[in-house]
Amino acid sequence: MYKENSEFQLIAKSMITQIEEVKISKNDKFNICLQTIANAVCNPLKISYIKKSKIVGLIENAGIVITEPTTEQRNKYYSACTLRKFANNYFDTEGITAEQLEQFNNIVAEATAAANLLLPKTFHILDAEHIPQIYNHKHSNTGSCSQPANNEPFNIGKIEGLHIKEKNDINASCMQGKPKQYFEIYKDINTDASTLKMAILTQGSEIVARSLIWIDKPEAEIDRRKKMKPHELYIDRIYTKTQEHRSETQTQLFYEVNNYFNINNKTENNSDSNSNISSIKFANCFNWYDIKSKIQEYTKQDSKLNKNLNVDNNIFCNSNPSFDVEVNSDSYNYYPYADTFQHFNTWSNMLSNDESSDSDILRLNNVDGEASENTRCCDDCGSDTHEDDGTYIDDEFICNDCSIWCDDREESIRASDAVYNNCTSEYHHRDDLDY
Ligand SMILES: [Zn+2]
């Protein structure tokens, strides 16, 4: 169903006004009816227009009077072209200065970009094997020796020409444009226990939002005909193209994911209405309250939306998923920076979000492809210390520099509590000494 888009009309008219302001004159031969320009029927990015001479011709020859064109009239009598071609026809760019030409080009480029933003955003769920490809792509004119820019559009199944444009905040994410090898762990999820997917929104074929989707179910058991409980799914941080429409985009992705996986957070009896089972968790982000209120608005307004969602009080912003994720190996050549599942237990092959003191744990908190040793903060001096280079005293972690072996007690004590005995060359705890 075609509908005139008032936002598109505003963009087109504002483009004309702005070009007039840089004193580029109108092309008199291109005498069109400015009142009825709109988005074209055939293509939402093209402009639909009619010449005044044609309006007169239709009245004189066929008795057809067009004041507010119907869809049929637009199809039949109107012409359609891109905003750029329209601007080139509408204005006389012969003999303008280089400065005027640059302004002209900028105005048209901005109008085109604004019109692109009006396109609907399309949702796709991708298998984990495609995640490295998505991360690897980056719009950058330069790149570097170690990381050449990868601007080449790519296809995933039937989604063709995927790319990220220059003015897209996803480019600014710390992992975007990194080598594919950094993400091998994401392709190596133990699918007999856990599942990883990526959700994206595209506009045209540009990626305008992406998020990792972690699922606490074997891949083979994901059956979209069956309802899934919210605690079985965790939507990781949602990266978006622009700040401007950020919450709207994130809300759309949130909804689409919940619909796609048939998430049901309605509880049958009231007794567990506050339980973890029916609570939707969503990765921490600064505009969380904005998203939550948009989700609530959205649900109230649109009756077509997922009836399974009970959004009154069961959606939380929380960086702790209620499950861990198993991978197939205990070590990888490279590691990504992880927003949520940042701890990799090399003994159990589990990715988790638990702050733990175990020395088997690596932290995925680097952007250069390497994981960090699990370090703890010394409760005395505050320095980051590997688990093996410290000890626990009264349940506090103390680094080796801040602790001393006490022979009397046969345990380590804080250096600040130690008193040296010159005769025996031993340390004593000050509490054990008689004064
Ligand atoms: Zn210390």
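**Ground rules.** I number residues from 1 along each chain as its sequence is written. Because the model is predicted, local features need pLDDT of at least 70 and side-chain atom pairs count only at pLDDT 80 or more, while totals for chains, interfaces and linings use all residues.

**Whole chain.** I looked up the overall dimensions to start. The C-alpha atoms fill a box of roughly 120 × 60 × 40 Å along the principal axes. I find 30% of the 435 residues buried, meaning 20 or more other C-beta atoms within 10 Å of a residue's own, with 12 or fewer for exposed, partly exposed in between, and C-beta atoms placed from the backbone. The chain has eight helices and 25 strands (DSSP runs numbered from the N terminus: H or I of at least four residues, E of at least two).

**Helix 4.** Next I checked residues 83-90. Leu-83, Phe-86, Ala-87 and Tyr-90 are the buried ones.

**Helix 4 against helix 5.** Their axes come within 9 Å and cross at roughly 145 degrees (lines fitted to C-alpha atoms over the stretch in contact, angles from 0 to 180 degrees between N-to-C directions). Leu-83, Arg-84 and Ala-87 of helix 4 meet Val-108, Ala-111, Thr-112 and Ala-115 of helix 5, a contact being C-beta atoms, placed from the backbone, within 7 Å.

**Sheet 1-2-3.** I then traced an open, antiparallel sheet of three strands in the order 1-2-3 (strands pair if DSSP finds at least two bridges between them). Strand 1 (38-39) and strand 3 are the edges, each pairing on one side only. Two bridges join strand 1 to strand 2, and Asn-39 stands opposite Ile-47 in strand 2.

**Hairpin.** Last, I looked at strand 5 (residues 154-156) and strand 6 (residues 159-162), which run antiparallel and are joined by two bridges. Ile-156 has Ile-159 as its bridge partner in strand 6. Two residues lie between the strands of this hairpin, and Gly-157 in the turn has a positive phi of about 60 degrees.

Methods: Contact = placed C-beta atoms within 7 Å.
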